[in-house]
Amino acid sequence: MIKLIAGLGNPGPEYEHTRHNAGFWWVDEAARLLKVSLAMERGYFGLVARANVGGHSLWLVEPQTFMNLSGKSVASVARFFKIAPEEVLVVHDELDLPPGEAKLKKGGGHAGHNGLRDIHAQLGSADYWRLRVGIGHPGNKNEVANWVLKKPSPDDRIAIAQALDRSLKALPQLIAGEMDKATALIHTSKPPRPKPPRPASTPAPQAEAGGGVVSPAADKG
């Protein structure tokens, strides 16, 4: 079972709608679905809520330490309640996925994500689950820092919201540890790809009385 779900982001109104806060958006909605309220718990360095699901406790966490120290909050909750890394799900923004996609995985590297980097270090393990919410890539690695701290475009925000909505439908399976079922729900629905523009239709050539062809451009006099 998953006993701890942590959504990653940065605290403060200036970051509320930025790409890096996709994990916060997910956990906010999960708390609403589970009918619990997140509240600041200074001992855990974050906003925390406890939900009772099937007689078991599920902890929702939004670290308030800023992204680079996310592990301080996640690990403090995990240690106190004796939650193993494989019982932890971290929801975070993912540069390598386009807006509209979300993917579930267990373990692996942090791929330069500072929140995951600190969670690795604080938990002492990479064997936790991750729900990766696509935010797209700016195309230049030098622009990544600015990209994640800016608001997505309206179209991208809609696509991200659709991915959040789809992955939240798998919340019962995620909590129950039914990861194959959760993966099927989250991965199988791909975002619609934009269709290429249709070529402009060209008027059919007109035949002259003498059997030749007059182009539209030549028939202006």
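Helix 1 (residues 22-34) packs against helix 5 (residues 154-168) at an angle of about 45 degrees, and their axes lie 10 Å apart. These axes are lines fitted to C-alpha atoms, for helices over the stretch in contact, and the angles run from 0 to 180 degrees between N-to-C directions. Helices (H or I, at least four residues) and strands (E, at least two) are DSSP runs numbered from the N terminus. The model is predicted: local features need pLDDT of at least 70, side-chain atom pairs count only at pLDDT 80 or more, and totals for chains, interfaces and linings use all residues. Residues are numbered from 1 along each chain as its sequence is written, and side-chain values use heavy atoms, with hydrogens and water left out.

**Helix packing**

Helix 1 and helix 5 are therefore oblique to each other; angles under 35 degrees count as roughly parallel, over 145 as roughly antiparallel, 65 to 115 as roughly perpendicular and the rest as oblique. Helix 1 passes helix 5 in a right-handed crossing. A crossing is right-handed if the near helix is turned clockwise from the far one by less than a right angle, and left-handed if anticlockwise. On the side of helix 1, the contact (heavy atoms within 4.5 Å) is formed by Ala-22, Trp-25, Trp-26, Glu-29, Ala-30 and Leu-33. Helix 5 contributes Arg-157, Ile-160, Leu-164, Ser-167 and Leu-168. The residues of this contact of helix 1 with helix 5 comprise eight nonpolar, one polar and two charged. In this division Ala, Val, Leu, Ile, Met, Phe, Trp, Tyr, Cys and Pro count as nonpolar, Asp, Glu, Lys and Arg as charged, and the others, Gly among them, as polar.

A second pair is formed by helix 2 and helix 3 (residues 114-123), which pack at an angle of about 40 degrees with axes 7 Å apart. Helix 2 passes helix 3 in a right-handed crossing. The residues of helix 2 in this contact are Ser-70, Gly-71, Lys-72, Val-74, Ala-75, Ala-78 and Arg-79, and those of helix 3 are Gly-115, Asp-118, Ile-119, Gln-122 and Leu-123. The contact of helix 2 with helix 3 divides into five nonpolar, four polar and three charged residues.

**The chain as a whole**

The secondary structure of the protein chain amounts to seven helices and nine strands. Of its 221 residues, 43% count as buried; buried means under 20% relative accessible area, exposed over 50%, and partly exposed in between (1.4 Å probe, protein chains only). Among contacts in the protein chain with a separation of 6 or more, 66% are accounted for by residues 24 or more positions apart. The protein chain exposes about 12000 Å², of which carbon and sulfur atoms supply 53%. Accessible areas come from the Shrake-Rupley method with a 1.4 Å probe.

**Residues in loops**

| Residue | Relative accessible area | Class |
|---|---|---|
| Lys-82 | 71% | exposed |
| Lys-35 | 74% | exposed |
| Phe-66 | 41% | partly exposed |
| His-113 | 9% | buried |
| Tyr-44 | 16% | buried |
| Ala-170 | 0% | buried |

Lys-35 is placed in the loop between helix 1 and strand 2 (39-41). Its phi is near 60 degrees, a positive value in a residue other than glycine. Phe-66, in the loop between strand 4 (56-63) and helix 2, likewise has a positive phi, of about 75 degrees, although it is not a glycine. Most residues other than glycine have a negative phi.

Lys-82 is found in the loop between helix 2 (70-80) and strand 5 (88-94). Its C-alpha atom is separated by 9.8 Å from that of Lys-3, 79 residues away along the chain.

His-113 is located in the loop between strand 6 (102-106) and helix 3. Leaving aside its neighbours within four places in sequence, His-113 is in contact with Leu-8, His-20, Met-67, His-92 and Asp-93.

Tyr-44 occupies the loop between strand 2 and strand 3 (46-53). With neighbours within four places in sequence left aside, Tyr-44 is in contact with Ser-73, Ser-76, Val-77, Phe-80 and Phe-81. Tyr-44 and Pro-63, 19 residues apart in sequence, are 8.1 Å apart in space, C-alpha to C-alpha.

Ala-170 belongs to the loop between helix 5 and helix 6 (171-176). Not counting residues up to four places away in sequence, Ala-170 touches Ala-182, Leu-185 and Ile-186. From C-alpha to C-alpha, Ala-170 and Ala-184 are 9.0 Å apart in space and 14 residues apart in sequence.
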